[in-house]
Amino acid sequence: QAAAPLHPVAVQCQEAQMVVIVHRDLFGMGRLVRAVDLTLGSAACLPVAQSAAESTVTFVAGLHECGSTLQMTPDSLIYKTNLSYKPTPPGNLIIVRTNAAVVPIECHYPRKSNVSSNAIRPTWAPFRSTLSVEERLMFSLRLMNGDWSTERLSNGFQLGESLHLQADVASGDHVPLRLFVDDCVATLSPDRNSSPRYALIDLSGCLVDGRSDDTTSAFISPRPRQETLQFMVDAFKFAGDDRNLIYITCHLKVSPADQAPNPLNKACSFNKASSLWTPVEGTGDICSCCETGNCP
């Protein structure tokens, strides 16, 4: 609806953002509210533009920004936020002449058809041909050859060699994601809780095997891409057991690629030269819990 006194708030639901145009005659009484008293969402985002000629202010916010919330129905994705008007006394006055107001705002997007008529990125499949983005995450863990170019054909190793392990996620139409290996455990049976068991990665992304004196195990930095994480582990066998088959079970997870790594989402290796834990990305302090053992 056009922004006018009878409809003072207009919303444009675009592909990745919402545009909210507010007429300053918010109550239709000819009394213009002040732009500084208008905010969007629980994060109280401020307007990005004003038009004195049209007496309007404009907010532009990404669908996930300004404290918006997402509700999913079988057919729709619904992004919800609020436009807030909180009058403050101008100048030296101690009175206000209007009431506060909250205007609920929603943008609805179909889950089973294309969001817009614009061309879809060439690398994307049309939404209707795939599962919901929230349901389509394909994880893999593979043994790679020495230069990481192809998957290793053999799973046999000699002691003294290194295992090249590569974790990946294929996220379909999802927002950009960063992959992490939460933990990895080695066992003599497919049951990861069986005994004996040896932790290679633990504490939400600490490659604890690299802490041992006789290993060079470490994550590979930098990553080839955000959806991939590579790490090397020196070959080993369980002491006092003649079986040569070892099972490695890993728990993989993702976080939004634009979210900074933290103690819960990290990939940390122990650097023997400096005797410090270092992350593949992020600040060094996120790895400090690898040494104390008090990780999330």
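Strand 11 (residues 177–187) and strand 12 run antiparallel and are joined by 4 bridges, where a strand is a DSSP run of E of at least two residues, numbered from the N terminus, and two strands count as paired if DSSP finds at least two bridges between them. Within this pairing, alanine 186 stands opposite tyrosine 198 of strand 12. The model is predicted, and local features need pLDDT of at least 70, side-chain atom pairs count only at pLDDT 80 or more, and totals for chains, interfaces and linings use all residues. Residues are numbered from 1 along each chain as its sequence is written, and side-chain values use heavy atoms, with hydrogens and water left out.

These two strands belong to an open, antiparallel sheet of 3 strands in the order 12-11-15. Strand 12 (197–201) and strand 15 (247–256) each have a single partner strand and stand at the edges, so one side of each is left without a neighbour in the sheet. On average, neighbouring strands of this sheet are turned by 20 degrees against each other, direction ignored, with axes taken as lines fitted to C-alpha atoms and angles running from 0 to 180 degrees between N-to-C directions.

Another open sheet has 4 strands in the order 9-10-14-13, again with antiparallel pairing. Its edges are strand 9 (138–144) and strand 13 (218–219), each with a single partner strand, so one side of each lacks a neighbour in the sheet. Strand 13 is joined to strand 14 (residues 228–234) by 2 bridges, and phenylalanine 219 has phenylalanine 231 in strand 14 as its bridge partner.

The largest nonpolar core has 22 residues, of which Val20, Val22, Leu26, Leu38 and Phe59 touch the most other members; such a core is a set of buried Ala, Val, Leu, Ile, Met, Phe, Trp, Tyr and Cys residues joined through side-chain atoms within 4.5 Å. Two or more residues each come from strand 2 (17–23), strand 3 (38–40), strand 5 (56–62), strand 7 (76–85) and strand 8 (101–110). Leaving aside neighbours within four places in sequence, leucine 26 is in contact with Pro8, Val9, Val33, Leu38 and Tyr85, contact meaning heavy atoms within 4.5 Å. Apart from this core lies another, of 17 residues, among them Ala167, Val181, Val233 and Cys250.

Cysteine 45 is found in the loop between strand 3 and strand 4 (49–51). With a relative accessible area of 22%, cysteine 45 is partly exposed, a class between buried (under 20%) and exposed (over 50%), computed with a 1.4 Å probe and protein chains only. Not counting residues up to four places away in sequence, cysteine 45 touches Leu38, Thr39, Leu40, Phe59 and Cys66.
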